[in-house]
Amino acid sequence: MSCDWLTYVNERRRHNLLLILEELSRLQNSDNINFIIIGALPLLIRGYLRYSVLWDIDLLFRDKKRLGEFIVMPKSPRLRIINYDDDLMVSKSIASFHTAWAFNKAWFNVDYILKKNIFEFFRSNREFEPYKQTITLAGKNFHIDINCAHPWDIIVEKVLSPRTEKELDLKIDMSIDIRHILSVYNKEKENIHFWNHVLDRAAYLHKRERFKEMFLNILSLAPDLGYQEVDVSPRAKVMLTTS
Amino acid sequence: MAFRYEFRLSGSGGQGLILAGKILAEAAAIYDGKNATQSQSYGPEARGGSSRSEIIISDEEIDYPKAVNIDLLLVFTQEACDKYCKDIREGGILLADSEYVTKVPTGNFKTYFLPITEIAEKEVGKALVANIVALGMITELTHAISKDAVESAILSRVPKGTEDLNRKAFTVGINAVKRLIKKRP
């Protein structure tokens, strides 16, 4: 096995995940990007999450038209796709369509997502670049070249998400988003480049102050949520309290 | 004959049922060495409205990942109970939070009505762990996944500082079912 993050994918599911990522690499439009992988997977791939769960694949589409085109796009004849939803589930700020994909009966949840203004947010990152890797598993090479959201942008979006705010208010200790935020924070808290990046990106969304407020809230409530090991580092304090 | 077990967990957003579904699937796939799928879907008022998670576990590869013959249905709202109890297979199990589900449906299945949220609040001290209490109940009612596997999957999902609380919630759920079964003739 030639890459570390696969260690955190259940052994019997690794082969299928790589086949799906290869297929997604083929299905993306490189000239005019139609979707970006968001959620936990980019954080796993970039080394921020180091635990085993059943990973989902979240595809954020540029718009409804691109999503429609993607659904009817010819795919590998070996790939089976089962739709869990009858139609796009639409709420105030997000629309989603849940599916399961499999090449070999180890099913992966692949969720198609539309989120107002967020695609452009991820795409506008100057450091945006595809995840390009040839991964060898059991003697076979898998060529992955796929657009994944920048992990730090994912954190900006999660910190500002209404769901995180709600989970924080309710002190939900099993919040997946808060776990992701704190995983990245623990790794980057002394990294000035990280702080400059996330504050700039929050400013792009016109939510710099809100981001600082929410991030400080998360850090100060972390011990109540069971994250006793999380502290407000001196650099975090400076970056989040000065204007 | 191959072992296949289908769960459906349904209620409203914020009750932690999607996460409970993930934990069940992870317990089976990662810690019990079985095959598992887990799906999630939300009602039109996503994340605030209804939510549903289906879990299938099997000794063999899963050819079709949608639940078609429910072995256990867990419901946290009357609406979910009314809508889905018809999908329970003959001899299957309906587990409901009696605080929210008051109309008991009739059917060819076993019913277990327990005040899950109240138990979480009174015996664990936190209503929010009702989903973990429910996982304890499901584990004890079905024996489809080992207790050790479910406990390991729970602990891998929670922060270190809440491990004891969640372990307690899981055990409280198991014990509540044990007490109930003991009382039944």
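Predicted model: local features only at pLDDT ≥ 70, side-chain atom pairs only at ≥ 80, totals over all residues.

User: In what order do the six strands of the open sheet in chain B lie?

Analyst: The pairing within this open sheet of chain B is mixed, and its neighbouring strands are turned by 15 degrees against each other on average, direction ignored. At its edges stand β2 (35-42) and β6 (110-114) of chain B, each of which pairs on one side only. Read across, the order is β2-β3-β1-β4-β5-β6.

User: Which residue is the bridge partner of B:L73 in β5(B)?

Analyst: Strand β4 of chain B covers residues 70-75, and β5 of chain B covers residues 88-97. The two strands pair in the parallel sense over five bridges. Within β5(B), the partner of B:L73 is B:L94.

User: What angle does the direction of helix α4 of chain B make with that of β5(B)?

Analyst: Helix α4, residues 130-142 of chain B, packs on the sheet and touches β1 (4-12), β4, β5 and β6 of that chain. Taken against the direction of β5(B), the direction of the helix makes an angle of about 150 degrees.

User: What distance separates the C-alpha atoms of A:A106 and A:N16?

Analyst: A:A106 sits in the loop between β5 (94-102) and β6 (108-115) of chain A, and with a relative accessible area of 12% it is buried. Setting aside neighbours within four places in sequence, A:A106 is in contact with A:R12, A:R13, A:N16 and A:W101. Although A:A106 and A:N16 are 90 residues apart along the chain, their C-alpha atoms are separated by 6.5 Å.

User: Which residue in the turn of the hairpin formed by β5(A) and β6(A) has a positive phi?

Analyst: Five residues lie between the two strands of this hairpin, and one of the bridges joins A:A100 to A:N109 in β6(A). The residue in the turn with a positive phi, of about 75 degrees, is A:K105.

User: Which element gives the largest share of the lining of the largest cavity?

Analyst: The largest cavity holds about 90 Å³ of space, and residues of both chains line it, among them A:W107, A:F108, B:K22 and B:T37. Two or more lining residues come from each of β6 of chain A and α1 (17-31) and β2 of chain B. The largest share, three residues, comes from β2(B).

User: How many charged residues line the second largest pocket?

Analyst: This pocket has a volume of about 360 Å³, and of its 19 lining residues the closest to the centre are A:Y84, A:D86, B:S41, B:R52 and B:Y84. In chain B, β1, β2, β3 (50-58) and α2 (78-84) each supply at least two residues of the lining. By class, the lining has five nonpolar and seven polar residues, and its charged residues number seven.

Conventions. Residues numbered from 1 in each chain as written. Chains lettered and ligands numbered in written order. Heavy atoms only, no water. Pairing = 2+ DSSP bridges. Helix = DSSP H or I, 4+ residues; strand = E, 2+ residues; numbered from the N terminus. Axes fitted to C-alpha atoms, helices over the stretch in contact; angles between N-to-C directions. Contact = heavy atoms within 4.5 Å. Buried < 20%, exposed > 50% of the residue type's maximum accessible area, 1.4 Å probe, protein only. 1 Å grid on protein atoms, 1.4 Å probe; cavity = no way out; pocket = protein on both sides within 12 Å on 5 of 7 lines; lining within 4 Å. Points joined across faces, edges and corners; volume = space filled by probe spheres on them. Nonpolar A, V, L, I, M, F, W, Y, C, P; charged D, E, K, R; others polar.
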